[in-house]
Every structure is written in C-alpha cells, then in structure tokens.
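Work through the following exercises with the sequence and the model side by side. Try each task yourself before you read its solution.

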Amino acid sequence: MAFLELSNIRKQFSNVAAPAVQDFNLSVERGEFVSFLGPSGCGKTTTLRMIAGFEQPTSGTITINGADLTRVSANKRNIGMVFQSYALFPNMTVEDNIGFGLRVAHRPKEEIVPRVGEMLKLINLADKGKRYPSQLSGGQQQRVALARALALKPQLLLLDEPLSALDAKIRVSLRNEIRAIQRQTGVTAIYVTHDQEEAMSLSDRIVVMSNGRMEQVGTPFEIYNFPQTQFVASFVGTLNQLRARVLDSASGKLEIEGQTVYTAQPLDNVKGETLAVALRPEMIHLDGSSEEQNRLVGVVEDTTFLGSIVRTRIKVKESVISFDTFNNPNLALPSRDAKISIAFPREAVLLLQESAAQTTSA
C-alpha cells in the first residue's frame, strides 16, 4: 500500500449543483513530492483540505501510512500545513512562531529549544530568531511558515499556493529552497498551484485537474511531452492544437488542412475519422532536407521576440501554427507574408483525447 491513498474521493457542497471533486483516485509514495495543478475552481485546494481534515469528503476514503483518517479531525492527523498568507503570529518572534506547535503539543522546553534552532538553520535564518514577522521580507516569512510546519516532524506536508503572494524572482529562489528542504527532510509533500512552471520544477509527479476531475497524472516529462487530453495539452505549455483527418490508420497517415503528415505509431481509428492533434512549437523548425520529416506549407503571420526564443506564427489555410527558434545575434527569420515550409518529426504529432469532464458528460 502507498503511503497516502485517496480512493474514490467525491466532494459535493450542498449549495452547488456540480461536485467540487469527483472520481479522485491517487496513490502517493513516502517521500514523494506531488503537485496538484489546475486553474482556479478545479478542485485542487478542496482536495488538499480534505487530506488535511479541514473538509470531509462526501464519499471515498483517505488513508495515510496504513490508517484510515477519512473522519479523523485535522488536529489528530500529524500533518503540516503551509498557507499562501503565511499565517504567522505578528506578536511573536520568529523563534516563538516556529515553536508554537511544539508548545501546543506540550513538548518539554529542552526539546523545543534545540528543535527551533534546527529549523532556523534549515531555512537559513539562524540569525533572525529574535525578530518579528514585520521585520522580515515576504520570502523570509514564508520560510518561517515552512519551518513551523516542519517543526513537529509531520508525516505529511501540505502547501497551498505558498508562493503566489511573492514576486517572480523570489518565487523562483524560494521554490528551489522548498524542494531542497523537502529532499533533506524526506517528508512526503502535496503542493497546490496554478503555475505550471512551479509544478514542473518542483514535482516528482503532477496531477492535472479540471472541473473537479483528474485529467492526467504523471512526471513533469510525461505531462509536458505526452499530454493525454485536450485540456492538459492546452493548459501545460504552449501548444498548437489542430484537426486532422485519418487517411490510413495502419501507416499513421493524416491530413491537416489538405496536407499530409504522419504519426510515429499506427492509429486505431478508421479511415476518414477526424482527430484532435497537437504540435509543440519547439518541435517545429524551418524546412530542412531530411526525408523523415513531416512538412507543412504556410504564410508567415508575425514574429514575436521572447528573449531566449523567437516565436513565428504561420497561417496554414484556416489553422495558425507557432514554432520557436533559439535566439542568437545572427538569426535570420522569414519576413511577414512570406511563404515558407516548416518541418517536424513524426514523434512530434500528439494525438489528444477529450478532457475528462467532456468524456463523462458525453
């Protein structure tokens, strides 16, 4: 059995017609870092609150370390929680904030003092213990909140969008620190975010959610390179979504806007059926000479400078396709309205299913 098991979780609020969470099944191994990723209202925070014990599932079970905690109160679950708002006590010093949970648990002073010192070193604030939260930066306050959650040696650490109130540069720095601390302590962590870059950089696995359902679970590599549904493909990264008609399923032959392309694998679909397919911009380049490449011909709509990359958009009949080129001082790009040919390997053609919510309602 996995360390954390969520089985057939469903949450229905009485004043809302649609379930907030449904058909949620997830196994998390000890020491794993898993992120719930999705837009606002997708059910990720509600799921986190059910794990914490702040909300009770309408049905289903939550098991942690072999114990069924579905109906156990939050204060008896030995779970650490880090919130977006820090939730530090402004009238307490950093040391007192970190040691608060230990004092509530009636731990002896000879245990609290060294544990607080250990936590201060862990978050690189050993010289800030006597300060108050108002004397710290936002990033430092969030580190204190993390230390407070870890002080009690929780069996599970939950983080609810802990970096969203910080500016971009601090977010990048602090997320690296959070991951390093999680690895150092070995605590199992569940992280909620709507920021795909955060989820990609932090996680062992990502649960992509939409409309209360799990769209896909996988490693960052799998989620980005092999999206299984149209929602995942559109939500994670930049993607060209196109419609293709099957010409020959055995050879993977498709037609996109009257032009022929091939998939890497045979198709299960019958001839003439229309599929949703996707192409990542970084997999496309200006036409070369390789016989193995797929090709599409179109007209350049515009070019956008994005720093390390330059994105070009071309019109292929009714479809618009973007492709990325690494920037360099000698880069030569096609001019607007120029007719060009782009190329991409068979492996770049991703076949997409309908999203989980669409499949259920169909």
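**Exercise 1.** Is Gly307 buried, partly exposed or exposed?

*Solution.* Start with the source: this is a predicted model, in which local features need pLDDT of at least 70 and side-chain atom pairs count only at pLDDT 80 or more, while totals for chains, interfaces and linings use all residues. Residues are numbered from 1 along each chain as its sequence is written, and side-chain values use heavy atoms, with hydrogens and water left out. Next, take the cut-offs: buried means under 20% relative accessible area, exposed means over 50%, and partly exposed lies in between (1.4 Å probe, protein chains only). Gly307 has a relative accessible area of 30%, so Gly307 is partly exposed. As for its place, Gly307 belongs to the loop between β16 and β17, where helices (H or I, at least four residues) and strands (E, at least two) are DSSP runs numbered from the N terminus. In the hairpin of β16 and β17, which has three residues between the strands, Gly307 takes a positive phi near 90°. Finally, Gly307 and Glu215 are separated by 92 residues in sequence and by 32 Å in space, C-alpha to C-alpha.

**Exercise 2.** Which strands pair with β16, and over how many bridges?

*Solution.* Two strands pair if DSSP finds at least two bridges between them. Strand β16 (residues 294-305) pairs in the antiparallel sense with strand β19 (residues 339-344) over six bridges, and Val299 stands opposite Lys339 in β19. β16 also pairs in the antiparallel sense with strand β17 (residues 309-316), over six bridges, and here Thr304 faces Arg311 in β17.

**Exercise 3.** How do helices α2 and α3 pack?

*Solution.* Helix α2 (residues 94-104) and helix α3 (residues 109-122) meet at an angle of about 125°, with their axes 9 Å apart. That makes α2 oblique to α3, since angles under 35 degrees count as roughly parallel, over 145 as roughly antiparallel, 65 to 115 as roughly perpendicular and the rest as oblique. Axes are lines fitted to C-alpha atoms, for helices over the stretch in contact, and angles run from 0 to 180 degrees between N-to-C directions. The contact is made by Val94, Glu95, Ile98, Gly99, Leu102 and Arg103 of α2, together with Ile112, Arg115, Val116, Met119 and Leu120 of α3. By class, this contact of α2 with α3 has seven nonpolar, one polar and three charged residues, where Ala, Val, Leu, Ile, Met, Phe, Trp, Tyr, Cys and Pro count as nonpolar, Asp, Glu, Lys and Arg as charged, and the others, Gly among them, as polar.

**Exercise 4.** At what angle do α4 and α5 cross?

*Solution.* The axes of helix α4 (residues 138-151) and helix α5 (residues 168-185) cross at roughly 20° and come within 11 Å. α4 and α5 are therefore roughly parallel to each other, and their crossing is right-handed. The residues in contact include Leu146 and Leu150 of α4 and Ile170 and Leu174 of α5. The contact of α4 with α5 divides into six nonpolar, two polar and two charged residues.

**Exercise 5.** In what order do the six strands of the mixed open sheet stand?

*Solution.* The order is β6-β7-β8-β3-β9-β10, and the pairing is mixed. β6 (79-82) and β10 (213-218) stand at the edges with a single partner strand each, so one side of each is left without a neighbour in the sheet. From one strand to the next, the twist averages 20°. Within this sheet, strand β3 (residues 33-37) and strand β8 (residues 188-193) pair in the parallel sense over five bridges, with Val34 opposite Ile190 in β8. Lastly, α4 lies across β6 and β7 (156-160), running at about 170° to β6.

Conventions:
Contact means heavy atoms within 4.5 Å. A crossing is left-handed if the near helix is turned anticlockwise from the far one by less than a right angle, and right-handed if clockwise.
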